[in-house]
Amino acid sequence: MLFRSIVLALSLASAQAADDGLVRMKLKKRSAHEMVADHLKRENDALRLALENGSAPEVMDMAKKSVMLRGSNPEEDFEEQVQVAEGASENIIIKDYSNAQYYGEVMIGTPPQKFTVIFDTGSSNLWVPKTKCKNCGYWFIHGGKSKYDESKSSSFKKDGSDFKIQYGSGSVKGFFSRDEITLAKDIVVKDQKFAEVANAGGLGVGYVMGQFDGILGLGFEKLSLGGANTVFKNAIDQKVVSQPVFSFALGDNKDGELTLGGYDDSKFKGEITWVNLSEANYWRINIENISVGSVSSGATNGIVDSGTSLITGPSAKIAHIAHSVGAKRDFMGQYHFPCSKVGDVPDLEFTIDGKAWTVPGEDLVIQAGGTCLFALMAMDMPPPAPQWILGDVFMRQYYTIFDYGNERVGFAETNY
């Protein structure tokens with residue numbers, strides 16, 4: 001069934017050949033602890049700016065209330081956070097968050113230069129930082145970012161056209177180049193147009209703290225900047241994958257797998273439900289309804305996105321859902337629970353192509369160090385942009401197959 005599929009498993013180990021002929025390369029999942037750390041770091045930075053700018057009392061009151069949602073000694077926690085934000089204390093207790101994202105390795109150039117990337121079905125370009133990139137991390141945070149050096153690759157080809165891409169969290173800027181891209185040692189894509197990023201400042205602390213160097217987009221060419229084919233499209237055209245299909249098995253607090261060239265039927269049970277795309281730019285589908293308890297969205301649409309950690313939707317809908325389950329919004333716009341209420345969170349149900357796909361309530365909370373984050377987040381995107389994003393929180397529940405050739409996605413009950 002799989003023919004010659006290449007499997008990228010999420011954890012940084014060398015590729016291994018298995019008896020079934022697959023090549024498995026491990027990738028990493030960032031933990032809930034890291035996700036919490038990143039959120040609290042952003043919250044602390046915002047509080048510092050509020051103090052510096054003499055924010056109104058109601059803003060400070062909102063900040064105080066958001067801290068009180070967490071610790072056992074909320075007054076002390078808030079005062080400590082104020083001291084840290086004012087620079088009076090270095091005793092920073094980051095209770096831990098960073099985007100719980102999945103990432104793995106690619107090689108660029110000859111000889112190959114190694115990079116850690118997020119495999120992102122919500123974008124279509126490949127980019128990595130170049131040498132002397134600005135705002136591209138620091139050596140004392142996860143050892144710094146790996147940076148592409150075109151002078152050290154004999155297969156490098158100059159392009160030079162401008163590159164600027166806007167993500168939900170910010171923008172990156174640079175220019176295009178061409179080189180060989182290697183995945184799992186067996187898939188070599190020649191003459192791939194990709195971006196060397198010169199400034200990643202728009203991504204802020206999320207990129208600095210993240211354990212990834214760049215992004216490898218797995219969307220469609222309609223989203224791609226600079227007329228660049230995606231890495232996967234070139235892999236298809238150059239016949240280095242057997243089928244125009246890739247699939248994800250995302251581990252729950254463990255490593256996972258990305259399979260290129262097919263799907264691995266040992267990672268799911270039962271039948272695959274195929275859903276045709278409503279439009280082949282993002283992996284976009286129609287959704288008949290989204291419901292939590294007594295709250296329903298009605299007919300809408302969304303994208304299946306491996307590069308987004310949470311489930312996102314319109315702010316009014318998310319606020320309604322959050323209120324219905326007892327989550328409170330902090331001054332950063334993220335929703336929290338008192339951890340004592342986690343067991344009361346109802347299931348979230350997506351009705352897609354006439355079938356219900358459920359995310360259990362316990363999986364709608366990201367818990368670490370006494371902090372409980374709601375795994376739904378507000379993001380307003382005006383039509384015709386997609387209204388909902390079904391990110392990793394959804395994809396962990398179901399083995400997800402992306403059929404590029406037939407412009408459809410498949411879902412099956414995971415046993416991974």
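Which residue lies over the face of Trp 274? I looked there before anything else, keeping in mind that this is a predicted model. I found Arg 408 over that face, at 3.7 Å from the ring centre.

**Another charge over a ring.** I then turned to Phe 176, where the charged end of Lys 193 sits over the ring, 4.8 Å from its centre.

**Ring against ring.** My search of the whole structure gave 21 aromatic pairs. I opened Phe 220 and Trp 283, a tilted pair with 4.5 Å centre to centre and 45° between the planes. I noted that this pair links distant parts of the chain, the partners being 63 residues apart. Phe 220 is in the loop between strand S11 and helix H5, while Trp 283 is in strand S16.

**A second pair.** Phe 232 has a relative accessible area of 5%, which means buried. Tyr 404 is at 12% relative accessibility, and because the cut-off for buried is under 20%, Tyr 404 counts as buried.

**Putting them together.** Which cluster holds the residues of both pairs? I traced ring pairs linking Phe 220, Phe 232, Phe 246, Phe 248, Trp 283, Phe 402 and Tyr 404.

Notes:
Residues are numbered from 1 along each chain as its sequence is written. This is a predicted model: local features need pLDDT of at least 70, side-chain atom pairs count only at pLDDT 80 or more; totals for chains, interfaces and linings use all residues. Side-chain values use heavy atoms; hydrogens and water are left out. Rings of Phe, Tyr and Trp (its six-membered ring) pair if their centres lie within 6.5 Å; planes under 30 degrees apart count as stacked, over 60 as edge-to-face and the rest as tilted. Helices (H or I, at least four residues) and strands (E, at least two) are DSSP runs, numbered from the N terminus. Buried means under 20% relative accessible area, exposed over 50%, partly exposed in between (1.4 Å probe, protein chains only). A charge sits over a ring if NZ of Lys or CZ of Arg is within 6 Å of the ring centre and within 35 degrees of the ring normal.
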